[in-house]
Amino acid sequence: MTESTQLTDEGVLMPADGPRHRMLETDRCTRWLGAEVLQADPGHARLRMTVRREMTNGFDIVHGGMLFTLADTCFAMACNHPEGDDATVTVASGADINFLKTAWLGDELVAEAVEISRSGRSGIYDVTITRADETIAVFRGRSRTIASPEKK
């Protein structure tokens, strides 16, 4: 953590004077990932994550589920307004990922989500995960806006 970043109540790194996203204020999964918010705008988001040992599989490469989780989180940020809406949330109705290259312990990965199409309550978003200038994985998420669930 630097002087220009701060932790949310759940320990998610967000820029002190930059992009924030309401859904991450209490997101324990993103905290565990150690993901840092780089951009949070309606229809567009970017996250950065460094691969840790517990994110690798038995072959000492990043577990595909970690890449999916990073992409899915970035997708969720892009399809939900950063300031939130108490009446609705936008959730995944489906998603696919293609793993193109191997990622390793210590790699710094950046996920970038962009809105491709939104009509009514449905949307399509693409997420690209990169390491430096290399594309590691591509993810396509389909979204649906629903009434905000009641908290239990």
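The following dialogue explains how several features of this predicted model may be read.

Colleague: Which conventions apply to the numbering and to the side-chain values?

Modeller: Residues are numbered from 1 along each chain as its sequence is written, and side-chain values use heavy atoms, with hydrogens and water left out. Since the model is predicted, local features need pLDDT of at least 70 and side-chain atom pairs count only at pLDDT 80 or more, while totals for chains, interfaces and linings use all residues.

Colleague: How many helices and strands does the chain have?

Modeller: Helices (H or I, at least four residues) and strands (E, at least two) are DSSP runs, numbered from the N terminus. The chain has 2 helices and 8 strands, and along the sequence they follow the pattern β-β-α-β-β-α-β-β-β-β. Contact means heavy atoms within 4.5 Å. Among contacts between residues at least 6 apart in sequence, 55% join residues at least 24 apart.

Colleague: What share of the chain is made up of buried residues?

Modeller: A residue is buried under 20% relative accessible area, exposed over 50%, and partly exposed in between (1.4 Å probe, protein chains only). Buried residues make up 38% of the 152 residues in the chain.

Colleague: Which residues have the most contacts inside the largest nonpolar core?

Modeller: In soluble globular proteins, nonpolar side chains tend to be buried together. A nonpolar core is here a set of buried Ala, Val, Leu, Ile, Met, Phe, Trp, Tyr and Cys residues joined through side-chain atoms within 4.5 Å. The largest has 30 residues, and Leu109, Val127 and Ile129 have the most contacts inside it. Two or more residues come from each of β3 (36-41), β4 (44-50), α2 (64-79), β6 (108-119), β7 (122-131) and β8 (134-147). The greatest contribution is that of α2, with 9 residues. Leucine 109, not counting residues up to four places away in sequence, touches partners including Leu47, Met49, Leu67, Leu70, Ile129 and Ile136.

Colleague: How does the span of α2 compare with what is expected at 1.5 Å a residue?

Modeller: The expected span of a helix is 1.5 Å times one less than its number of residues. Helix α2 has 16 residues and reaches 22 Å from its first C-alpha to its last, close to the expected 22 Å. An α-helix has 3.6 residues a turn, so residues three or four places apart point the same way. The buried residues of α2 include Leu67, Leu70, Ala71, Cys74, Phe75, Ala78 and Cys79.

Colleague: Are cysteine 74 and cysteine 79 buried or exposed, and how many disulfides does the structure hold?

Modeller: Cysteine 74 counts as buried because its relative accessibility is 0%. Cysteine 79 is also buried, with a relative accessible area of 10%. A disulfide is a covalent bond between the sulfur atoms of two cysteines; the criterion is a pair of cysteine sulfur atoms within 2.5 Å. The structure holds 0 disulfides.

Colleague: How many aromatic pairs are there?

Modeller: A pair of aromatic rings is described by the distance of the centres and the angle of the planes. Rings of Phe, Tyr and Trp (its six-membered ring) pair if their centres lie within 6.5 Å; planes under 30 degrees apart count as stacked, over 60 as edge-to-face and the rest as tilted. The count comes to 3 aromatic pairs. One of them, tilted, joins phenylalanine 75 and phenylalanine 139, at 5.7 Å centre to centre and 55° between the planes. This pair links distant parts of the chain, since phenylalanine 75 is in helix α2 and phenylalanine 139 in strand β8, 64 residues apart. Both phenylalanine 75 and phenylalanine 139 are buried. Ring pairs link Phe68, Phe75, Tyr125 and Phe139 into a cluster.

Colleague: Which arginine lies over the face of tryptophan 32?

Modeller: A charge sits over a ring if NZ of Lys or CZ of Arg is within 6 Å of the ring centre and within 35 degrees of the ring normal. Arginine 52 lies over the face of tryptophan 32, at 4.8 Å from the ring centre.

Colleague: Where do aspartate 60 and alanine 132 lie, and what is the phi of each?

Modeller: Most residues other than glycine have a negative phi, and most peptide bonds are trans. Aspartate 60, in the loop between β4 and α2, has a positive phi of about 60°. Alanine 132, in the loop between β7 and β8, has a positive phi of about 55°. Alanine 132 counts as exposed because its relative accessibility is 71%.
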